[in-house]
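Please look at the sequence and the structure shown here before reading on. The report that follows goes through strands, core, charged pairs and confidence in turn.

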Amino acid sequence: MATRRGPRFKECRRLGVNVCGHPKAMNRANDPAFKRTHKISEYGLQLIEKQKVKAYYGILERQLRRYYQNATKSSEKTGAALIIALERRLDNLVYRIGFANSIRMARQMVNHGHILVDGKCINIPSYSIKVGQVISLCEKSRKSPQFKSCFLSDSKPTYDYIERNEESFSGKLTSIPQRDKIPVQINDQMVVEFYSK
């Protein structure tokens, strides 16, 4: 299975936003060596926004194109529908709930069978979570010091559409995420313009 394995901090500096969520990712972003000296074209700006989507959600080009095609059939705005669909991916929600420190770690946890959805082991990172479904850590994995400290950390942000239960090591999608509540710095319209050419 193909995965993104490039240098994360370098990608964050190139895109101008902390797409990997690491606190040190943007430490060198203002160094003179990384300053842009030339003007970026309209196509270049659209390309950067598209690359941000791929980096935020840890997906590849073919997967993103498939999500875009499905978003064009939605009754909502295409850009918003695209981001909402990506936000409901299992690996992304594992990351948002706090089981993992990064989207890469979340994807690996899903692939290795550490995650249950409504009590059933699901090892497909792109699995789309429905409202009301409960995502939990399997019984054996709850004993792992790394998973435990990660989930019980006090520094985790909270989201309106996710409900966490620390006693049962679980989280639930309580509603369809609203675009303005999703914590990604992406210009949706530019992504749509990039693919609609």
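## Strands and sheet

Strand E4 (residues 162–165) and strand E5 (residues 170–173) pair in the antiparallel sense over four bridges, where strands (E, at least two residues) and helices (H or I, at least four) are DSSP runs numbered from the N terminus, and two strands pair if DSSP finds at least two bridges between them. Within this pairing Arg164 stands opposite Gly171 of E5. The hairpin of E4 and E5 has four residues between its strands, and in it Phe169 takes a positive phi near 50°.

On the sheet as a whole, five strands form an open sheet in the order E2-E1-E3-E5-E4, with antiparallel pairing. Its edge strands are E2 (120–121) and E4, each of which pairs on one side only. Strand E3 (residues 134–137) also pairs with E5 in the antiparallel sense, over three bridges, and there Val134 stands opposite Lys172 of E5.

## How the model is to be read

This is a predicted model, in which local features need pLDDT of at least 70 and side-chain atom pairs count only at pLDDT 80 or more, while totals for chains, interfaces and linings use all residues. Residues are numbered from 1 along each chain as its sequence is written, and side-chain values use heavy atoms, with hydrogens and water left out.

The pLDDT, which is the predictor's confidence in each residue on a scale from 0 to 100, averages 86 for the protein, and 83% of the residues score at least 70. Confidence is lowest in helix H1 (residues 8–15), with a mean of 68, and highest in strand E1 (residues 115–117), at 95. Where pLDDT is low, the predicted coordinates should not be read in detail.

## The nonpolar core

The largest nonpolar core has 47 residues, of which Tyr57, Leu90, Val94, Phe99, Met109, Ile115 and Ile135 touch the most other members. Such a core is a set of buried Ala, Val, Leu, Ile, Met, Phe, Trp, Tyr and Cys residues joined through side-chain atoms within 4.5 Å, and buried means under 20% relative accessible area, with exposed over 50% and partly exposed in between (1.4 Å probe, protein chains only).

Leaving aside residues up to four places away in sequence, Phe99 touches a set of residues that includes Val94, Met109, Ile115, Ile135 and Phe169, where contact means heavy atoms within 4.5 Å.

## Salt bridges

Side chains of opposite charge can pair when their charged atoms come close. With a salt bridge taken as a side-chain nitrogen of Lys or Arg within 4 Å of a carboxyl oxygen of Asp or Glu, the count comes to 11 salt bridges. In one of them Glu49 is joined to Lys52, with their closest N and O atoms 3.1 Å apart; both residues lie in helix H2 (residues 42–57), three residues apart, about one turn of the helix. Glu49 counts as buried at 10% relative accessibility, and Lys52 is buried at 8%.

Glu61 forms a salt bridge with Arg65, their closest N and O atoms being 3.4 Å apart, and the two are four residues apart in helix H3 (residues 61–72), a separation of about one helical turn. Glu61 is partly exposed at 22%, and Arg65 is partly exposed at 44%. Lys50, Lys54, Glu61 and Arg65 are linked in a network of salt bridges.

The side chains of Asp91 and Arg107 also meet in a salt bridge, at 3.6 Å from N to O. This pair links distant parts of the chain, with Asp91 in helix H5 (residues 90–97) and Arg107 in helix H6 (residues 103–111), 16 residues apart. Both Asp91 and Arg107 are buried.
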